Amino acid sequence: MPKQPEPTARDDHTQRGRARQTHPRHPARAVCKTSPVNGGTPSNDHGAAAPQAPAEAVLGTAGVVRRTVSAAESTAVTRRWWDADADDYHAEHGEFLGVHDFVWCPEGLREQDAELLGDVRGARALEVGCGSAPCSQWLAEHGAWVVGLDVSAGMLRHAQAAAAATGTMVPLVQAGAERLPFAEMSFDVACSAFGAVPFVADSTAVMREVARVLRPGGRWVFAVNHPIRWIFPDDPGPAGLTAVQPYFDRTPYVEVDGSGRPTYVEHHRTLGDRVREIAAAGLVLTDLVEPEWPEGHQREWGQWSPLRGALFPGTAIFCCRRPE
Ligand SMILES: C[S@@+](CC[C@H](N)C(=O)[O-])C[C@H]1O[C@@H](n2cnc3c(N)ncnc32)[C@H](O)[C@@H]1O
């Protein structure tokens, strides 16, 4: 067996992705049990789960290693992470994301302005990795028939609470994006704002699955961390401007607990990898949007900041189409 690297001391600068917060919002709190969506989790008045401790404390995150993670392990770890982090994620970012707004990325690009999905009126739409499903809510309010899919019951609880608040009921499905529980050609359009794709070991499988459930001519638009960010420390400040990590090293970023058990996994693909995955699924890449940091936009999101946004892209949005 290959020797596993020792967990390194935890360092906030190593945190990755839209998921992460550079500094935990709360000091460690008592651990609350997380249960499946139908498991009778204690709820507040809005149907959302009772507040939990920050995910790192709940899961006992102790350090970072770089090692391969199987597809099954990756999905299980991701589900556990997002169940544990759901409350904190929405406490931190809920206001920015909105309840029925479609924000593609920390740069604040909105579907309302970008129109990457085209006219969605009457479209059958799938949101992959929907979280609390604000994008699905927006699509529904703009005339689409939407399904929101996510692997995490904790995140979907927030979607249920949001639907109760808006009165717009979006069907929600708990499943992994690697095996979509839908028939072929069920959707006219599919989208994902940082959902699933950075967290799966086999993102080619996600591309294949989305291609399968799209009708010919259907669109698939997904936003992920811009691959160039991989080479820098996840630091919004000056320390995040120096390359320290090889772009071509695809070994996953893995946070582990004290016994070396993964608590969080993120997978890197180069730009070329993404293009090849899209092509291998039989899809055509029609655009690659690299949202620029808007003037006057001051909000930091983990490693996204005005300082870094002025210099290089933080988000890549791949616009694809299934050929007719
Ligand atoms: C960074 S959050 C993004 C949520 C939402 N799209 C947003 O913009 O806030 C990532 C989401 O992807 C979901 N996810 C991760 N891996 C997944 C998978 N394999 N299948 C489905 N959903 C997944 C997580 O549970 C989480 O809700």
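# Reading contacts, burial and packing in a predicted model

User: Leaving aside neighbours within four places in sequence, which residues is E255 in contact with?

Analyst: Two residues are in contact if their C-beta atoms, placed from the backbone, lie within 7 Å. Leaving aside neighbours within four places in sequence, E255 is in contact with T61, V64, P262, T263 and Y264. This is a predicted model: local features need pLDDT of at least 70, side-chain atom pairs count only at pLDDT 80 or more, and totals for chains, interfaces and linings use all residues. Residues are numbered from 1 along each chain as its sequence is written.

User: Where is E255 found, and is E255 buried or exposed?

Analyst: Helices (H or I, at least four residues) and strands (E, at least two) are DSSP runs, numbered from the N terminus. E255 is found in strand 8, residues 253-257. A residue is buried if 20 or more other C-beta atoms lie within 10 Å of its own, exposed if 12 or fewer, and partly exposed in between, with C-beta atoms placed from the backbone. E255 counts as buried because it has 25 C-beta neighbours inside 10 Å. In sequence E255 and V65 are 190 residues apart, but their C-alpha atoms are 6.2 Å apart in space.

User: How many helices and strands are there in the protein, and what share of the residues is buried?

Analyst: The protein has eight helices and eleven strands. Of its 324 residues, 48% are buried. Among the contacts with a separation of 6 or more, 76% join residues 24 or more positions apart.

User: Which residues touch the most other members of the largest nonpolar core?

Analyst: In soluble globular proteins, nonpolar side chains tend to be buried together. A nonpolar core is a set of buried Ala, Val, Leu, Ile, Met, Phe, Trp, Tyr and Cys residues joined through C-beta atoms within 7 Å. The largest one here has 77 residues, and A125, L139, A190 and V210 touch the most other members. Not counting residues up to four places away in sequence, A125 touches V120, L139, A144, W145, V146, F187, D188 and V189.

User: How many residues of helix 4 are buried, and what do they pack against?

Analyst: Helix 4 (residues 134-141) is mostly covered, with seven of its eight residues buried. These are P134, C135, S136, Q137, W138, L139 and A140. They pack against helix 2, helix 3, strand 3, strand 4 (145-150), helix 5 (153-166) and strand 6. Just after helix 4, G143 takes a positive phi of about 95°.

User: How do the axes of helix 6 and helix 7 cross?

Analyst: Axes are lines fitted to C-alpha atoms, for helices over the stretch in contact, and angles run from 0 to 180 degrees between N-to-C directions. The axes of helix 6 (residues 203-213) and helix 7 (residues 271-280) come within 8 Å and cross at roughly 40°. In this contact S203, T204 and M207 of helix 6 meet E277, I278 and A280 of helix 7. For classes, Ala, Val, Leu, Ile, Met, Phe, Trp, Tyr, Cys and Pro count as nonpolar, Asp, Glu, Lys and Arg as charged, and the others, Gly among them, as polar. The residues of the contact divide into three nonpolar, two polar and one charged. Buried residues of helix 6 include S203, M207 and V210, and what covers the buried ones includes strand 3 (124-128), strand 6, strand 7 (214-225) and helix 7.

User: Which residues come nearest to the ligand?

Analyst: A residue is near a molecule or strand if its C-beta atom, placed from the backbone, lies within 6 Å of it. Of the 22 residues around the ligand, W82, G129, G131, S152 and A196 come nearest. Helix 2 (residues 71-97) gives the most to this shell, with four residues. By class, the shell has twelve nonpolar, seven polar and three charged residues.

User: What is the phi of A196, and where is A196 placed?

Analyst: A196 is not a glycine, yet its phi is positive, at about 70°. Its place is in the loop between strand 6 and helix 6. A196 counts as buried because it has 23 C-beta neighbours inside 10 Å. M185, also not a glycine, has a positive phi of about 60°. M185 is found in the loop between strand 5 (172-174) and strand 6 (187-193). With 14 C-beta neighbours inside 10 Å, M185 counts as partly exposed.
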